[in-house]
Amino acid sequence: MSIEVQNIRKTFGPFTALDNVSLRVPSGRLTALLGPSGSGKTTLLRIMAGLEFADPGSGRIQFHGADVTNTPAGQRGVGFVFQHYALFRHMTVADNIAFGLNVRPRRERPSPAEIRTRVERLLALVQLEGLAHRLPTQLSGGQRQRVALARALAVEPKVLLLDEPFGALDAKVRKELRRWLRRLHEEVHLTTVFVTHDQEEALEIADEVVIMNQARVEQVGTPQAVYDHPATPFVYEFLGNVNRLQLPSRGFAQAEAFDVNGGRFAYVRPHDIELLPVQDGFDGELAQLRTVHTAGSVARVTCTRHHAADEIIEAEVSRQRLTELGLQIGDSVLLRMRRGRVFAEDFAI
Amino acid sequence: MNATASTSRRILPGFGLSLGFTLTYLGLIVLLPLSAAFLKTAGLTWDEFWTTITAPRVLASYRLSFGASLAAGALNAFFGLLVAWVLVRYPFPGRKLVNALVDLPFALPTAVAGIALTAVYAENGWLGGLLRPLGVKVAFNELGVLVALTFIGLPFVVRTLQPVLEELEPELEEAAATLGASRWQTLRRVIFPELLPPLLTGFALAFARALGEYGSVVFISGNMPMRTEITPLLIITKLEQYDYRGATALAVVMLVASFALLLLINTLQKWSDWRTRS
């Protein structure tokens, strides 16, 4: 089931949450809506779910070609998972999961035995067998979110929408749970959209990433594409670390490494910067070594440019390379950029 | 494990002092007068005591006092829930005013309430005049007692429900909606269970307040023996006749019965609360 969003506008008083947003979510894929807080990603998700409605007179929402712009949430066939779980506290895990089935009109409601079987199956799917009779307050955060997911899946939705599903969990559980979600998606192949402000999360598990900023969609693409070819400076800065170098710079050895469009700044990822010793005719941007962090898989160093001392440049090199260079804090070093990007227009970020 | 390791050190000092103060204070303010009632009653022989508390006129007053208080508590639970819901959920002009109005029964001297209600519901009053053709008599009737007790109990339910309603996550309703529940199903299966514990608390408070009410009821009830006399009125009557022991005997019955009922309601409330919060 694909989702088509066409020219959606949403304002809350004077605040514009979505400014003519159009988006196509392909069927059966895991799509991430990524952006800083206030970028409109949650509003967009809620409009897809029917928990919020776009401004009158603005565009349409279609599910697989069928217009659902004015369809209430309960009839859209969406499963929605909230950041803070929104489990019904007075119901057991099993009752929570069965809720969507139990509220169906009698004619469409499965028999109690069938509901029990389905709940069992869902509990197995979310790896919570044996917890059917617990209350939500007796579960950990990660378990609660899996119950919420099972509850959303119980009604056999056509699309699954998750609003910052791992946002309230600690880092380790978050990592486990997102990999688990990816595996779950491989199993059920449900069209899934999840909102996150964590770029690592989006790049790791999504098939497609939609980057939003200030009520607009900045870029849509696979994680690889948006990381390697950011369309705007915002995307560059938002996805991972990036250095913003004032031009001109001697660090760009090959002119073809980036397209020069006459911009004033070049964007370079830390791992695209090479460190060279200041000797025997090497060419590069002269800089001074300021800090070195080696607690990690790679060494992260910061330098200041010789020609613009207030500009701090971050680089990532292997720890072995750093040892070879034998650099001390305060030493001079040459920086060479393997890749970079210049944007014609400079946006204020 | 030795004894010192298992004794946890308190971060904030003063536990002994504050507990001692609490117990002394409660003892002085609550227990001392109450035990005086028991002591005074002890001056009666068992037979005298039994005859006093089971006199037909007294039995009739128990029925009215407990019956009307329970009914008033129930009415307040229902309408108080509605008032709290409207005050929390819907912004409307004058909401602050209505909100302040809810507290009025707290502040009004009960005698004033009684006189006002009597004036309104008497047969020549505004509402009493309208109700008379329908054959409904409020003032100087059991119904009048119920009206007075409902009036004074309303704020208890509203004020206990309001904070809970305000903190109810909208996500719960949204989750129910995306799962296909109708508004009614959401109300009944999701919202109401969350409101049950505070509703029971509000009911218990309104009930307890109604049971002890005297001022407003004596004006509107007409105080007809066997029909519209409440137990507190009989206690006053006995006091006026210098029958102190008889008065305290009735007081003891009221005390024990209301304590037992409140304990029951609190247990119910705890139980419903445990289910949601454990």
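Author: Before we look at any pair of helices, one definition is needed: a helix axis is a line fitted to C-alpha atoms over the stretch in contact, and the angle between two axes runs from 0 to 180 degrees between their N-to-C directions. Please keep in mind as well that this is a predicted model.

Reader: With that in hand, at what angle do helix 2 and helix 3 of chain A pack, and how far apart are their axes?

Author: Two packed helices are described by the angle between their axes and the distance between the axes. In this structure, helix 2 of chain A, residues 93-102, and helix 3 of chain A, residues 112-125, pack at about 120 degrees, and their axes are 10 Å apart. Angles of 65 to 115 degrees would count as roughly perpendicular and those over 145 as roughly antiparallel, and helix 2 and helix 3 of chain A are therefore oblique to each other. The crossing of helix 2 of chain A with helix 3 of chain A is right-handed.

Reader: Which residues make the contact between helix 2 and helix 3 of chain A, and how do they divide into nonpolar, polar and charged?

Author: Helix 2 of chain A contributes A:Val93, A:Ala94, A:Ile97, A:Ala98, A:Leu101 and A:Asn102, while helix 3 of chain A contributes A:Ile115, A:Arg118, A:Val119, A:Leu122 and A:Leu123. Nine of the residues in this contact of helix 2 with helix 3 of chain A are nonpolar, one is polar and one is charged.

Reader: What does chain A look like as a whole, in its helices and strands?

Author: Chain A has nine helices and 18 strands, and its C-alpha trace spans about 85 × 50 × 30 Å along the principal axes. The chain has 349 residues, of which 52% count as buried. If we take the contacts in chain A with a separation of 6 or more, 66% of them are accounted for by residues 24 or more positions apart. A:Ser140 and A:Leu169 are 29 residues apart in sequence, and their C-alpha atoms are 9.5 Å apart in space.

Reader: Turning to chain B, how many helices and how many strands does its secondary structure come to?

Author: Chain B comes to 14 helices and zero strands, and its C-alpha trace spans about 70 × 60 × 30 Å along the principal axes. Buried residues make up 40% of the 278 residues in chain B. Among the contacts in chain B between residues at least 6 apart in sequence, 75% join residues at least 24 apart.

Reader: How should I read the packing of helix 4 and helix 13 of chain B, and at what angle do they cross?

Author: The axes of helix 4 of chain B, residues 56-89, and helix 13 of chain B, residues 231-240, come within 8 Å and cross at roughly 140 degrees, which makes helix 4 of chain B oblique to helix 13 of chain B. On the side of helix 4 of chain B the contact involves B:Arg57, B:Val58, B:Ser61, B:Tyr62 and B:Ser65, and on the side of helix 13 of chain B it involves B:Thr231, B:Pro232 and B:Leu234. In this contact of helix 4 with helix 13 of chain B, four residues are nonpolar, three are polar and one is charged.

Reader: And where do helix 10 and helix 11 of chain B meet?

Author: B:Leu172, B:Glu173 and B:Ala176 of helix 10 of chain B meet B:Arg183, B:Thr186, B:Val190, B:Ile191 and B:Glu194 of helix 11 of chain B. These contact residues of helix 10 and helix 11 of chain B divide into four nonpolar, one polar and three charged. Helix 10 of chain B, residues 170-178, and helix 11 of chain B, residues 183-212, pack at an angle of about 145 degrees with their axes 10 Å apart, in a right-handed crossing.

Reader: How many aromatic pairs does the structure hold, and is the pair of B:Phe21 and B:Tyr25 stacked or edge-to-face?

Author: A pair of aromatic rings is described by the distance of the centres and the angle of the planes. The structure holds ten aromatic pairs over all chains; one of them, B:Phe21 with B:Tyr25, is stacked, at 5.7 Å centre to centre and 25 degrees between the planes. B:Phe21 and B:Tyr25 are four residues apart in helix 2 of chain B and are therefore separated by about one helical turn. B:Phe21 is exposed at a relative accessible area of 54%, whereas B:Tyr25, at 45% relative accessibility, counts as partly exposed. The rings of B:Tyr242 and B:Tyr244 have their centres 6.4 Å apart and their planes at 85 degrees, so that pair is edge-to-face. B:Tyr242 is exposed, with a relative accessible area of 66%, and B:Tyr244 counts as partly exposed at 40% relative accessibility.

Notes
Residues are numbered from 1 along each chain as its sequence is written. Chains are lettered from A and ligands numbered from 1 in the order in which they are written. This is a predicted model: local features need pLDDT of at least 70, side-chain atom pairs count only at pLDDT 80 or more; totals for chains, interfaces and linings use all residues. Side-chain values use heavy atoms; hydrogens and water are left out. Helices (H or I, at least four residues) and strands (E, at least two) are DSSP runs, numbered from the N terminus. Angles under 35 degrees count as roughly parallel, over 145 as roughly antiparallel, 65 to 115 as roughly perpendicular and the rest as oblique. A crossing is left-handed if the near helix is turned anticlockwise from the far one by less than a right angle, and right-handed if clockwise. Contact means heavy atoms within 4.5 Å. Ala, Val, Leu, Ile, Met, Phe, Trp, Tyr, Cys and Pro count as nonpolar, Asp, Glu, Lys and Arg as charged, and the others, Gly among them, as polar. Rings of Phe, Tyr and Trp (its six-membered ring) pair if their centres lie within 6.5 Å; planes under 30 degrees apart count as stacked, over 60 as edge-to-face and the rest as tilted. Buried means under 20% relative accessible area, exposed over 50%, partly exposed in between (1.4 Å probe, protein chains only).
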